[in-house]
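Here is a short briefing to read with the model open beside you.

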Amino acid sequence: MSDPVLLKAFAELDSAAVSDALDSQGLPSGIGGIAPVWGHPTVVGFASTVQLEPYTPGPSGAHIATTAVATAGADEIIVVANDGRTDVSCWGGLLSLGASLRGVRAAIADGSCRDIGEARALGFPVFARGGIPATARGRIQQQSAGQPISVAGVRVSQGDIVIADETGVAFVPRAHAEAVLEAAQGIAAREESIAEDLRSGTALPDAMRDARLAGREG
C-alpha cells in the first residue's frame, strides 16, 4: 500500500479504534495525557522523532527540534520525547512557524509547550501535556533526531504512523501498519453497526456485547 493511501485510510479512523487494533495485534496501545493545546484537530502522519535530555554546559548547538523541522516532509509529524516533563517547554512559537512553513502536519510533545496562541494563529496543530512559559534554553537540550524514542513507555521509530486526536495518541509500527489498519477498520465497522442497532431501538445490553465488540460473533 502506498504512503498516501495508507495515511488516507488511517485518517478515516480515530485513536480509540487504532488503539483497540494495536491491542489485537499484541502491540502497545494508545496513550492519554497528550492532548491538543488548541482547537479539536485530528492528525495522521509519519513520525519524525526527536529525543531531548537535561541540559549540560558545553558548546552551543542548534536549538531543540530545529534539525528535525528543517528536514521534515509534508506527510510528517514531529514527535518530541521529553520524558513527560511539564516544568519546561519543549516546543514553541518559532518551531511552530518553521514547521508550518514546511507543511509539517503537527507536533506532538511528551512534555509541555509554550506560545500556544502563535500555534493557533498559524493553524498548526500542537499536542502536549500542557502549557508553560519556561524556556528550554539552559534546561534541556537535544540528544538525537531521527532515532528511536520512547513516549510514555511506547517505542516510536522514525517513519512509524502517528494518529492523534482529542482522546489521545496512538503509534503504529510501520512494519505492522497494514495489519493494524485492517483490524482498526473492522473495529470501526462493528461499532458503527452497534450504533445503528441502538438508534433502531435495540437495548444497550443486547447490542453492546463483548463478543460482538471483539469480532467473535458471526
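Contact here means heavy atoms within 4.5 Å, and helices (H or I, at least four residues) and strands (E, at least two) are DSSP runs, numbered from the N terminus. This is a predicted model, in which local features need pLDDT of at least 70 and side-chain atom pairs count only at pLDDT 80 or more, while totals for chains, interfaces and linings use all residues. Residues are numbered from 1 along each chain as its sequence is written, and side-chain values use heavy atoms, with hydrogens and water left out.

**Helices α1 and α6**

- On the α1 side, L6, A9 and F10 make the contact, and they meet A177, E178, V180, L181 and Q185 of α6.
- Sorted by class, that contact of α1 with α6 has 6 nonpolar, 1 polar and 1 charged residues (Ala, Val, Leu, Ile, Met, Phe, Trp, Tyr, Cys and Pro count as nonpolar, Asp, Glu, Lys and Arg as charged, and the others, Gly among them, as polar).
- Helix α1 spans residues 3–11 and helix α6 residues 177–199; their axes are 10 Å apart and the packing angle is about 30° (axes are lines fitted to C-alpha atoms, for helices over the stretch in contact, and angles run from 0 to 180 degrees between N-to-C directions).
- The two helices, α1 and α6, are therefore roughly parallel to each other (angles under 35 degrees count as roughly parallel, over 145 as roughly antiparallel, 65 to 115 as roughly perpendicular and the rest as oblique).
- The crossing of α1 past α6 is left-handed, a term for a near helix turned anticlockwise from the far one by less than a right angle; clockwise makes it right-handed.

**Cysteines**

- You will find 0 disulfides in the structure (a disulfide is a pair of cysteine sulfur atoms within 2.5 Å).
- C90 is buried, at a relative accessible area of 1%, and C113 is buried with a value of 1% (buried means under 20% relative accessible area, exposed over 50%, partly exposed in between, with a 1.4 Å probe and protein chains only).

**Positive phi angles**

- Most residues other than glycine have a negative phi.
- A65 has a positive phi, near 70°; this residue sits in the loop between β2 (43–54) and α3 (66–71) and is buried, with a relative accessible area of 1%.
- A152, also not a glycine, has a positive phi of about 50°.
- A152 belongs to the loop between β7 (149–151) and β8 (154–156), where it is partly exposed, with a relative accessible area of 45%.
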